Amino acid sequence: MTDNDPASGARTDFSDAMSYGDYLRLDRILDAQHPLSAAHDEMLFIIQHQTSELWMKLAVHELTSAVAAIRADRLQPAFKMLARVARIFEQLNSAWDVLRTMTPSEYTEFRASLGQSSGFQSWQYRAIEFLLGNRNMATLSVHAHRAEVMAGLDAILAAPSLYDEALMLVARRGIPAGELARDWRAQRPCDPAAIAAWRRIYEAPEKYWDLYELAEKLVDLEDYFRRWRFNHVTTVERIIGLKRGSGGTAGAAYLRKMLEVELFPELWRVRTEL
C-alpha cells in the first residue's frame, strides 16, 4: 500500500505524520459552533462573529508588534504590519456583507438565545481600540468578571499606544510634537502642537519621507477602521432597526456615536491647514 497519490505525488497516509487538519487543529475549530436554537441563520451569526474574532486576534498581534517596531525605530517592518491591519479591517468589512443577507425576521428566530451576550463585550476589540489610542476607561467594567482579560488590557493601558509611539518618534527626529509625558491610561486630547508637527512633515515629504509614510499608513488604517464601524451601524440598523442591543447598549444609536471617535485626530485636522 502506497502513502502517495501516484498522479500528483501528494502524500495520502498521515497515520504517523502531521496533516493539514492536525496543524490547524480543525477538529477544535469546526466543533466550536453550537447553535442554541433550531433557527437556520444562527449558524451564520456564530461563524460571522467567530471568524471576526480570529481576524481581530491577528490585528492585536500585528498592532502589538508595530508598536514595538516604531519604538525601536524599525519603521519598514512597522509599515508592513500597519498595512496588514488595514487589510484585516477590509476583510472584516466584507464580512458584514455576508451577515446582511440575514433579514430581521430571521434574526428574531434566535435572538433570545443570545441572552445578554453582545459584540460590545469583545475584549479583543477593546484591545484594538486601546492599542490604537482610544482609551475609554468606562468600557473596562464589562470585562471585570475575567481577571486574565483585565490583566491583559491593563498591560496595554500601562504603555504608550500606537499613536503615542508615532508622536514620540516624531519628537525624536527633532520635530516638537506637543506634551508627550502623560498618564497613558488617560484619553489623549487633540494637541495643536501635534498638528503643527504633522504639517511640517506634510509640507516637506522629501525631507521626512519615512515620517510622511508613517502618517499615511496611520490614516489608511483609521480609514478602514471607520468604514468597519460605519458598516457595523448599517448592518445593525438593517437587521434590528433602532432596538436596544442584546447586551443592553443603545444599539445603532450607540454605534453612531462611536463614528465620531477619532483615533489620530491631528492627522485629520492637519489636512485643513495644508
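Where is the place of R188? R188 sits in the loop between α8 (162-172) and α9 (192-203), helices here being DSSP runs (H or I, at least four residues) numbered from the N terminus. The model is a predicted one, in which local features need pLDDT of at least 70, side-chain atom pairs count only at pLDDT 80 or more, and totals for chains, interfaces and linings use all residues. Residues are numbered from 1 along each chain as its sequence is written, and side-chain values use heavy atoms, with hydrogens and water left out.

R188 is buried, at a relative accessible area of 14%; buried means under 20% (1.4 Å probe, protein chains only). Setting aside its neighbours within four places in sequence, R188 is in contact (heavy atoms within 4.5 Å) with Y163, D164, L167, R182, A194 and E266.

Next comes helix α6 (residues 123-132). Nine of its ten residues are buried, so α6 is largely enclosed by the rest of the structure. Among the buried ones are Y125, I128, F130 and L132. The cover over these buried residues includes α3 (42-71), α4, α7 (147-157), α8 and α10. Just after α6, G133 takes a positive phi of about 120 degrees.

The axes of α4 (residues 75-99) and α10 (residues 209-240) come within 9 Å and cross at roughly 15 degrees, with axes fitted to C-alpha atoms over the stretch in contact and angles running from 0 to 180 degrees between N-to-C directions. That makes α4 roughly parallel to α10, a label for angles under 35 degrees.

Technical notes: Helix = DSSP H or I, 4+ residues; strand = E, 2+ residues; numbered from the N terminus. Buried < 20%, exposed > 50% of the residue type's maximum accessible area, 1.4 Å probe, protein only. Parallel < 35°, antiparallel > 145°, perpendicular 65-115°, else oblique.
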